[in-house]
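Trainee: Can you walk me through this structure? I'd like to start with the ligand.

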Amino acid sequence: MIPVITIDGPSASGKGTVAQRVAQQLGFHYLDSGALYRLTALAAVRQGLAAAGEETLGQLAAQLPVEFSGNDIYLAGDMVTEAIRTEDCGRLASKLSAFPAVRTALLERQRNFLRPPGLVADGRDMGSVVFPQALLKVFLTATPEVRAQRRFNQLISKGVDVIMDDVVRDLRNRDERDRTRAVAPLDPTGALILDTSALSIDQAMVQILAWYSVNA
Ligand code: C5P
């Protein structure tokens with residue numbers, strides 16, 4: 001069986017960066033599942049379907065013309081690596097990710113990332129739904145204050161004009177939606193919990209590699 005490590009957790013918990021570093025260390029492939037939800041959101045906006053219903057958005061997700069090439073992501077041939085990272089895109093991704101039809105449409109696409117020698121997948125339901133067979137399931141988290149500060153720093157470093165209160169409110173809304181939705185809610189059950197509030201990226205990576213070496 002091809003080994004999988006899943007790293008789930010709330011927004012701005014650092015899971016993307018940590019997951020990429022773990023994948024690099026092990027020479028594994030990497031899946032940023034949130035990018036697929038963000039791509040669906042961006043495609044919806046570009047086609048004037050942002051307010052469309054579940055069925056339409058499910059079809060859009062199923063037919064998404066996306067390509068991952070190294071660190072770059074293309075939507076219908078257009079490079080959207082940065083465009084999908086906006087707060088607006090994240091907010092819409094969070095809304096449409098509550099639709100079961102959208103989640104089902106993206107399921108196979110996510111599983112197709114599983115190739116030898118192994119995969120590190122990050123998201124909200126990687127361990128619970130997409131890769132239940134994973135050798136190691138990690139739930140990465142941090143206090144709301146630390147996560148808000150991280151997100152704030154990230155946005156400021158990209159030159160985005162934001163105020164802390166908006167970042168805190170946005171994170172809280174997104175967490176609440178991801179935790180309480182009926183399908184594939186964010187849930188740490190069955191995963192090893194790693195609180196990164198006081199950890200560096202390297203320290204988080206070392207812990208995950210240590211857990212993996214025990215399970216592998
Ligand atoms: O992780 P990221 O912030 O890029 O994800 C964007 C949104 O996509 C999340 O707020 C979440 O609602 C949704 N998502 C999801 N399941 C995943 C990954 C992301 O529902 N596996």
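**Around the ligand**

Mentor: A polar side-chain atom of Arg103 sits 2.8 Å from an oxygen atom of the ligand. That is a polar contact, a pair of N or O atoms within 3.5 Å. This is a predicted model, where local features need pLDDT of at least 70, side-chain atom pairs count only at pLDDT 80 or more, and totals for chains, interfaces and linings use all residues. Residues are numbered from 1 along each chain as its sequence is written, and side-chain values use heavy atoms, with hydrogens and water left out.

Trainee: What does Asp125 do with the nitrogen atom of the ligand?

Mentor: An N or O atom in the Asp125 side chain is 2.9 Å from that nitrogen. Arg174 has a polar side-chain atom 3.4 Å from a ligand oxygen.

Trainee: How much of the ligand's accessible area does the protein cover?

Mentor: The protein covers 96% of the 450 Å² that the ligand has on its own. Such areas come from the Shrake-Rupley method with a 1.4 Å probe.

Trainee: How many residues surround the ligand?

Mentor: There are 16, each with a heavy atom within 4 Å of the ligand. The closest are Arg38, Arg103, Asp125, Asp178 and Arg181.

Trainee: Which element gives the largest share of that shell?

Mentor: Helix α2, with four residues. Helices here are DSSP runs of H or I, at least four residues, and strands are runs of E, at least two, numbered from the N terminus.

Trainee: New topic. At what angle do α2 and α4 pack?

Mentor: About 105°, with their axes 8 Å apart. Axes are lines fitted to C-alpha atoms over the stretch in contact, and angles run from 0 to 180 degrees between N-to-C directions. The two helices are therefore roughly perpendicular, a label for angles of 65 to 115 degrees.

Trainee: Which residues of α4 make the contact?

Mentor: Cys89, Gly90, Leu92, Ala93 and Leu96. Contact means heavy atoms within 4.5 Å.

Trainee: Now the backbone. Is the peptide bond from Pro116 to Pro117 cis or trans?

Mentor: It is cis, with omega near 5°. Most peptide bonds are trans. Pro117 lies in the loop between α5 and β6.

Trainee: And what is phi of Ala12?

Mentor: Near 60°, a positive value in a residue other than glycine. Ala12 is in the loop between β1 and α1.

Conventions
Angles under 35 degrees count as roughly parallel, over 145 as roughly antiparallel, 65 to 115 as roughly perpendicular and the rest as oblique. A polar contact is a pair of N or O atoms within 3.5 Å; within protein, one must be able to donate a hydrogen and the other to accept it, and residues adjacent in sequence count only if both atoms are side-chain atoms.
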